[in-house]
Amino acid sequence: MHVSLRTSLPTPRILLSSCAALLVASLTGCASLGAPDAASLAQVPVVRFGDTAPAGDFILHYPAGVNLPVEARIHGSLLTQEARETLKVQVKQDVYTYKQWASLDGKTWLRGDKVIGGQYEIRVPGEQNGHNPGSLRAEFNLK
């Protein structure tokens, strides 16, 4: 699933606090509302991040200590020079996602926003003192 945050300048600062629903949507996608039970999930394949996913439903496993690539990109018709960089982050403990559900052990499932929270922040260059760099930040926290 692709999640976009769009804004129009000249808004100098956008701060989204408690974006748990947005974070979960970006990690797990949208799905039905019924809580998964152990018997039904036992039939769903578990795919480790980086491995090829099968067609249909699957549980995605983000293993602790494994590099997870995140692309940062600044572009648009206003710019004459664009930038793209792939960053690498690691989770400190295993995280499993299935639709809108998340688990830290692959057995106990909660709605994702009950497991992971955080915020996104976007600031344009010069906002603080006329010459400071802009910033894009994403914060992810266990609840």
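A salt bridge here is a side-chain nitrogen of Lys or Arg within 4 Å of a carboxyl oxygen of Asp or Glu. Keep that in mind as we walk through this predicted model, where local features need pLDDT of at least 70, side-chain atom pairs count only at pLDDT 80 or more, and totals for chains, interfaces and linings use all residues. Residues are numbered from 1 along each chain as its sequence is written, and side-chain values use heavy atoms, with hydrogens and water left out.

Let's start with the sheet. Strands are DSSP runs of E, at least two residues long, numbered from the N terminus, and two of them pair if DSSP finds at least two bridges between them. Here 5 strands make an open sheet in the order 2-3-6-7-8, with mixed pairing. At the edges sit strand 2 (46–48) and strand 8 (110–111), each pairing on one side only. Strand 2 runs parallel to strand 3 (residues 59–62), with 3 bridges between them, and Val47 stands opposite Leu60 in strand 3.

Now for the charges: there are 6 salt bridges by this rule. One of them joins Lys99 to Asp57, with the closest N and O atoms 3.2 Å apart. Lys99 lies in the loop between strand 6 (95–98) and strand 7 (101–103) and Asp57 in the loop between strand 2 and strand 3, so this pair ties together parts that are 42 residues apart in sequence.

Glu121 is buried (under 20% relative accessible area, with exposed being over 50%, partly exposed in between, 1.4 Å probe, protein chains only), at 10%. Its side chain meets that of Arg123 in a salt bridge (3.3 Å, N to O). Salt bridges with shared partners join Glu121, Arg123, Glu127 and Arg137 into one network.

Terms used. Helices (H or I, at least four residues) and strands (E, at least two) are DSSP runs, numbered from the N terminus.
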